[in-house]
Amino acid sequence: MTSPDPRPTRLPRRLPAVEETSAGGVVIDVQDGAARIAVIARRNRAGRVEWCLPKGHMEPGESLPETAAREVAEETGIIGRVIESLGTIDYWFSTPDRRIHKVVHHFLLEATGGELSIDGDPDAEAIDVAWVALDEVHEHLTFPNERRIAQAAWERLAGSA
């Protein structure tokens, strides 16, 4: 006969949840009649390269469109004019000390200047940047929800949305 375990049962520790709001978007440039967008590469926590849309945290006093334009410029070097909202993505992830609910607002921006570069990224999160043809971007973006945002940009530009 086995005796019951004398150690008390310990409930799993629930990490505190934090809400984060970010903005970014699809910055469009048209060359020779073809639309292209700037995408960035970064390394995830496991060290794998992910291609994604530029985005980042709001600064105090910024509006969502202002954040999107600033983050696009910092991470891609491209200055853009916000045209309209493309939609919102939200997801959860965890760090060792908390769970984070992140809401990212994406905007369509028209490229108005600048040069493709990651040199202005203050956090040095972007490891590369590239122009990708809008009709091929779904082959390059890592995350399905960002492919959906790029598709929304395509539809808006084509006049079908």
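Predicted model: local features only at pLDDT ≥ 70, side-chain atom pairs only at ≥ 80, totals over all residues.

Visitor: Good to know. Let's start with Ile28: which strand is it found in?

Guide: Ile28 belongs to strand β1, which covers residues 17-31.

Visitor: And is Ile28 buried or exposed?

Guide: Ile28 counts as buried because its relative accessibility is 8%, and the cut-off for buried is under 20%.

Visitor: What is Ile28 in contact with, leaving aside neighbours within four places in sequence?

Guide: With those neighbours set aside, the contacts of Ile28 include Ala35, Ile37, Leu108, Leu134 and Leu157. Arg36 and Glu110 are also among them. Ile37 is the bridge partner of Ile28 in β2 as well.

Visitor: How far is Ile28 from Asp121, C-alpha to C-alpha?

Guide: Their C-alpha atoms are separated by 19 Å, and the two residues sit 93 residues apart along the chain.

Visitor: Back to β1. Which way does it run with β6, parallel or antiparallel?

Guide: Parallel, with 12 bridges joining β1 to β6 (residues 98-114). One example is Gly24, whose bridge partner in β6 is His106.

Visitor: How about β4 and β2: how many bridges does β1 make with β4, and how many with β2?

Guide: β1 and β4 (residues 55-57) are joined by 3 bridges and run antiparallel; Ala23 has Gly56 as its bridge partner there. The pairing of β1 with β2 (residues 34-43) is antiparallel too, over 4 bridges.

Visitor: What do β1 and β2 form together?

Guide: They form a hairpin with 2 residues between them. Asp32 in that turn has a positive phi of about 55°, although Asp32 is not a glycine. Asp32 is classed as exposed because its relative accessible area is 83%, and exposed means over 50%.

Visitor: Changing topic: which residues touch the most other members of the largest nonpolar core?

Guide: Val26, Ile37, Val39, Leu53, Leu86 and Val137 do, out of 16 residues in that core. β1, β2, β5 (78-95) and α2 (144-158) each give two or more residues to this core. The largest share, 4 residues, comes from α2. Apart from this core lies another one of 9 residues, including Val72, Ile78, Phe107 and Ala111.

Visitor: How many of the lining residues are nonpolar, polar and charged?

Guide: The lining divides into 10 nonpolar, 5 polar and 16 charged residues.

Visitor: Last one: where does Arg70 lie, and is Arg70 buried or exposed?

Guide: Arg70 lies in helix α1 and is buried, with a relative accessible area of 19%. Not counting residues up to four places away in sequence, Arg70 touches His57, Met58, Glu59 and Glu62.

Notes
Residues numbered from 1 in each chain as written. Heavy atoms only, no water. Buried < 20%, exposed > 50% of the residue type's maximum accessible area, 1.4 Å probe, protein only. Contact = heavy atoms within 4.5 Å. Pairing = 2+ DSSP bridges. Core = buried A, V, L, I, M, F, W, Y, C linked by side-chain atoms within 4.5 Å. Nonpolar A, V, L, I, M, F, W, Y, C, P; charged D, E, K, R; others polar.
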